[in-house]
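Please look over the sequence and the coordinates before reading on. The briefing below is meant to be read beside them, topic by topic.

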Amino acid sequence: MILMSDVCAKNILSVFAIFLLVLNLIVPLGALSAYFCGCLFEFVSIRAFYIVIALLAVALTVLSLKIKSADGILKLILFLLTPAAILNAALVLLGCGDVCAVVSGCVCAGCCCYLTVKYSGKVLRAASLTFASLIILSVVFIALIIHVFGDLSSDTVVSTVYSPDGAYRADVIDNDQGALGGNTFVDVYETECLDLFVFRVLRKPVRVYAGDWGEFENMVIYWKDDGCLVINAEEYEMHE
């Protein structure tokens, strides 16, 4: 009975570990695929997603307290899981301002590191943690670059105008470059997207207008019809 319970616990741990690995690969693989396809990849609720993977990682850690050893398949999963979780945490750290999502991503990465250290053999453990360390060093370097140069420019959406049929939206953007001045941009998005419940994939916006900094304050922008945007009396046709 004890043996069966241990085998069952190991099977549950393996299934949950595979599920957690898949969830941690969604962000990097989804963003990379969308980039090469000329699309944007975004979550419906990034906070909810990262809370779920954090809770799953904590549940795995608690379950692991009852299991002393792991088989080869679980060791291989954990070998892949730690770098994936740290990469996932790094992406949310660099690209998301939601503190809850960042903390959840870090909790998940910490739990995955613990599981790898506990169950993986010396070779897999060393390789996995080496990959993870390289990712951490890369994140520190990128964060340093962003800290030094990231404040030179910031974009703020000051207004949004939807086409009559709702197929397009035009975002008026204030691009502030500090002492260098800035620009006023108008980006047009197609509102239709591929909605996959957790995340959505949509086409990249088209920049139809670039003007002087502060120009948005007196800008006259409206939709003449479903496919024609008017900016300061100049018409911009949308094409399929």
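The model is predicted, and every value given here is computed from it.

**Around E190**
- E190 belongs to strand β4, which spans residues 182–190, and its side chain makes a polar contact with the side chain of R203 at 3.1 Å.
- When neighbours within four places in sequence are left aside, the residues in contact with E190 are A167, Y168, L202 and R203.

**The nonpolar surface patch**
- A nonpolar patch on the surface is formed by V58, V62, L65, V99, V103, V107 and Y114, which together have about 610 Å² of accessible area.
- The elements that give two or more residues to this patch are α2 (46–64) and α4 (99–119), and of the contributors α4 gives the most, with 4 residues.
- L65, also a member of the patch, is found in the loop between α2 and α3 (72–95).
- L65 counts as exposed because its relative accessibility is 60%, where the cut-off for exposed is over 50%.

Terms used:
Residues numbered from 1 in each chain as written. Predicted model: local features only at pLDDT ≥ 70, side-chain atom pairs only at ≥ 80, totals over all residues. Heavy atoms only, no water. Polar contact = N/O pair within 3.5 Å; in protein donor to acceptor, adjacent residues only side chain to side chain. Contact = heavy atoms within 4.5 Å. Patch = residues over 30% accessible without salt bridge, like charges linked within 9 Å, V, L, I, M, F, W, Y side chains within 5 Å. Areas by Shrake-Rupley, 256 points an atom, 1.4 Å probe, with all protein chains shown as cover. Salt bridge = Lys/Arg side-chain N within 4 Å of Asp/Glu carboxyl O. Buried < 20%, exposed > 50% of the residue type's maximum accessible area, 1.4 Å probe, protein only.
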